[in-house]
Amino acid sequence: MSLKIGAVLALAMALTGTAALAETVEVKMLNKGEKGAMVFEPDFVRVQPGDTVKFVATDKGHNAESILDMIPDGADTFKGKINEEIEVTLDQPGLYGVKCLPHYAMGMVMTVAVGDDVTIPDDYMEGRMPAKAKERFAEQLEQLDSL
């Protein structure tokens, strides 16, 4: 009987220990930041599978949502409401393109890299997108190997 209890406790500790290692990274949604107008700050983050990204509605009029053709296969999409925070736990390794829908044309985008061995898919930026968004994504992807 005590062997079963020990096994259950070991399993519970292992599961709790894994959850305790998950982190939350905060990203601000801003009208103006270090890189100009209408930005996520930071605009590039690297997290591990199971980590959470919390998009903070620092300034009004913004949301955070995934870009359908810019998330890993099998990943869940997400869409926050305007003026509200959203927390997203990212389990699938790869790159996630994120936009603020009202300011997408102004280049309000960011990139989340999930995992250590992330590569840029060949077709990652092939879809239609505003020129300013494309320019900012290109700048963000340059950081992929530096973090």
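Residues are numbered from 1 along each chain as its sequence is written, and side-chain values use heavy atoms, with hydrogens and water left out. Because the model is predicted, local features need pLDDT of at least 70 and side-chain atom pairs count only at pLDDT 80 or more, whereas totals for chains, interfaces and linings use all residues.

The protein contains 2 helices and 8 strands. Helices (H or I, at least four residues) and strands (E, at least two) are DSSP runs, numbered from the N terminus. Read from that end, the order of elements is α-β-β-β-β-β-β-β-β-α. Of the 147 residues, 41% count as buried; buried means under 20% relative accessible area, exposed over 50%, and partly exposed in between, with a 1.4 Å probe and protein chains only. Among contacts (heavy atoms within 4.5 Å) with a separation of 6 or more, 66% are between residues 24 or more positions apart.

An open sheet is formed by 4 strands in the order E3-E8-E7-E5, with mixed pairing. Two strands pair if DSSP finds at least two bridges between them. E3 and strand E5 (65-66) stand at the edges with a single partner strand each, so one side of each has no neighbour in the sheet. E5 is joined to E7 by 2 bridges, and these strands run antiparallel; here Glu-65 stands opposite Lys-99 in E7. Helix H2 (residues 131-141) packs on the sheet, where it touches E3, E7 and E8, and its direction makes about 30° with that of E8. This angle lies on a scale from 0 to 180 degrees between N-to-C directions, the axes being lines fitted to C-alpha atoms, for helices over the stretch in contact.

Strand E8 has a parallel pairing with E3 over 4 bridges and an antiparallel pairing with E7 over 6 bridges. Thr-111 in E8 is the bridge partner of Phe-44, and Val-112 in E8 is that of Tyr-96. In a regular strand the side chains alternate between the two faces of the sheet. In E8 both faces are covered: Val-109, Thr-111 and Ala-113 are buried on one side, and Met-110, Val-112 and Val-114 on the other. Thus 6 of the 6 residues of E8 are buried.

In soluble globular proteins, nonpolar side chains tend to be buried together. A nonpolar core is a set of buried Ala, Val, Leu, Ile, Met, Phe, Trp, Tyr and Cys residues joined through side-chain atoms within 4.5 Å. The largest such core has 23 residues, of which Phe-40, Phe-55, Leu-90, Val-98, Met-110 and Val-112 touch the most other members. At least two residues of this core come from each of strands E1 (24-33), E2 (36-41), E3 (44-47), E4 (51-56), E6 (86-90), E7 (94-99) and E8 (109-114). Apart from this core lies another, of 15 residues, among them Ile-67, Val-109, Met-125 and Leu-141. Leaving aside residues up to four places away in sequence, the contacts of Met-110 include Val-27, Phe-40, Phe-55, Val-98 and Phe-137.

Lys-99 lies in strand E7. A salt bridge is a side-chain nitrogen of Lys or Arg within 4 Å of a carboxyl oxygen of Asp or Glu. Besides Glu-65, residues touching Lys-99 include Phe-40, Ile-67, Tyr-104 and Val-109.

The whole structure has 4 salt bridges. In one of them Asp-43 pairs with Lys-35, their closest N and O atoms being 3.3 Å apart; Asp-43 counts as buried at 11% relative accessibility. Another joins Lys-54 to Glu-85 at 3.6 Å between the closest N and O atoms. This pair links distant parts of the chain, 31 residues apart, with Lys-54 in strand E4 and Glu-85 in the loop between E5 and E6. Lys-54 is buried at 18% relative accessibility, whereas Glu-85 is partly exposed at 46%. Glu-26, Lys-54 and Glu-85 are linked in a network of salt bridges. Within helix H2, Lys-132 and Glu-135 lie 3 residues apart, about one turn of the helix, and form a salt bridge with the closest N and O atoms 3.5 Å apart.
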